[in-house]
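The following report describes a protein model from its overall make-up down to single residues. Please read it alongside the sequence and the coordinates.

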Amino acid sequence: PPPPPPPPPLPPPPAAAAVAQAQPPSPPGAASVPSPPPSPPPAAVSETFVAVGTESGHVLLLRPSCRAVACEFALHQSPVRGLLWASPSLLLSFSSSGGGSGGSSAGEAGGGTWRNVVLALSLPEGDVRELAPPRGSEAAPLVGLRLSPSGARLLLLYREAPPRMLDTRTAASVGGHVLPTLPPASAVEWLPPLSATPLPATPASRASAPGA
């Protein structure tokens with residue numbers, strides 16, 4: 001008698017069949033990606049803002065792309081005299097008011113007394129702290145500030161008075177044995193880190209020493 005026919009093949013297990021249905025076949029040569037990459041951060045996070053200080057003591061953040069005010073902060077009780085971005089999330093501002101009969105603006109030292117305030121605004125939280133707490137009545141108005149590359153030191157410039165240096169972590173004055181002996185400074189800048197990109201070389205004449 002002829003041999004019996006072979007038994008039919010067994011069906012795949014239910015689990016294997018479910019996996020085959022859940023993963024459609026990939027096109028030839030395509031790599032298999034287990035999960036999609038994370039979404040990039042929203043464009044607003046990396047958008048450029050322009051900080052503007054007002055005569056009313058407010059600080060505005062403007063979006064140049066749409067020419068609109070993104071947010072407004074009421075920080076000072078007198079006109080904002082200067083702004084400085086310490087980082088993309090930290091904005092410094094200062095105001096100077098007073099002067100008595102000797103002057104009415106920060107551009108005039110006069111003979112009165114002044115109240116100088118330096119504030120640090122953290123973004124996007126909006127937290128504010130006094131980076132240079134007022135010392136009461138000062139003899140000169142604050143006209144500028146410069147932050148060191150490390151962010152640890154802050155130089156304050158006064159009209160017709162020696163500069164002042166602060167430790168940004170403790171708000172304590174540093175360099176008190178040298179700075180009071182300096183003449184009034186009209187400009188100051190920190191030496192940038194050695195890793196900073198140098199300026200392109202251009203032909204220039206050598207500067208002469210005073211009296212040379």
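## A loop residue with positive phi

E160 is placed in the loop between strand 9 (153-158) and strand 10 (161-167), where strands (E, at least two residues) and helices (H or I, at least four residues) are DSSP runs numbered from the N terminus. Although E160 is not a glycine, it has a positive phi of about 55°. At 62% relative accessibility, E160 counts as exposed, the classes being buried under 20% relative accessible area, exposed over 50% and partly exposed in between, with a 1.4 Å probe and protein chains only.

## Basis of the values

This is a predicted model, in which local features need pLDDT of at least 70 and side-chain atom pairs count only at pLDDT 80 or more, while totals for chains, interfaces and linings use all residues. Residues are numbered from 1 along each chain as its sequence is written, and side-chain values use heavy atoms, with hydrogens and water left out.

## Overall make-up

Of its 212 residues, 27% count as buried. The protein exposes about 14600 Å², of which carbon and sulfur atoms supply 61%; accessible areas come from the Shrake-Rupley method with a 1.4 Å probe, and for residues only the protein chains shown count as cover. Among contacts (heavy atoms within 4.5 Å) between residues at least 6 apart in sequence, 36% join residues at least 24 apart.

Strands of a sheet pair through backbone hydrogen bonds, either parallel or antiparallel. Four strands form an open sheet in the order 4-5-6-7, with antiparallel pairing, where two strands pair if DSSP finds at least two bridges between them. Strand 4 (80-87) and strand 7 (127-132) stand at the edges with a single partner strand each, so one side of each is left without a neighbour in the sheet. From one strand to the next, the twist averages 25°, with axes taken as lines fitted to C-alpha atoms (for helices over the stretch in contact) and angles running from 0 to 180 degrees between N-to-C directions.

Strand 4 is joined to strand 5 (residues 90-98) by six bridges, and the two run antiparallel; across this pairing, L84 stands opposite L92 in strand 5.

Six bridges join strand 2 (residues 58-63) to strand 3 (residues 68-74). Within strand 3, F73 stands opposite V59, while C71 is the bridge partner of L61. Strand 2 and strand 3 form a hairpin with four residues between them, and R67 in the turn has a positive phi of about 55°.

## Nonpolar cores

The largest nonpolar core has 16 residues, and those with the most contacts inside it are V118, L145, L154 and L156; such a core is a set of buried Ala, Val, Leu, Ile, Met, Phe, Trp, Tyr and Cys residues joined through side-chain atoms within 4.5 Å. The elements that give two or more residues to this core are strand 5, strand 6, strand 7, strand 8 (142-147), strand 9 and strand 10. Leaving aside its neighbours within four places in sequence, L145 is in contact with L84, F94, V118, L154, L155 and L156. Apart from this core lies another, of eleven residues, among them L61, L75, L119 and L123.

## A buried polar residue

N116 lies in strand 6 (residues 114-122) and is buried, with a relative accessible area of 5%. Polar atoms of the N116 side chain lie 3.1 Å from the backbone oxygen of A140 and 3.0 Å from the backbone nitrogen of L142.

## Further backbone features

Most residues other than glycine have a negative phi, and most peptide bonds are trans. A cis peptide bond, with omega about 0°, joins L123 and P124, and P124 has its place in the loop between strand 6 and strand 7. A171, found in the loop between strand 10 and strand 11 (173-174), has a positive phi of about 65° although it is not a glycine. At 22% relative accessibility, A171 counts as partly exposed.

Key:
A polar contact is a pair of N or O atoms within 3.5 Å; within protein, one must be able to donate a hydrogen and the other to accept it, and residues adjacent in sequence count only if both atoms are side-chain atoms.
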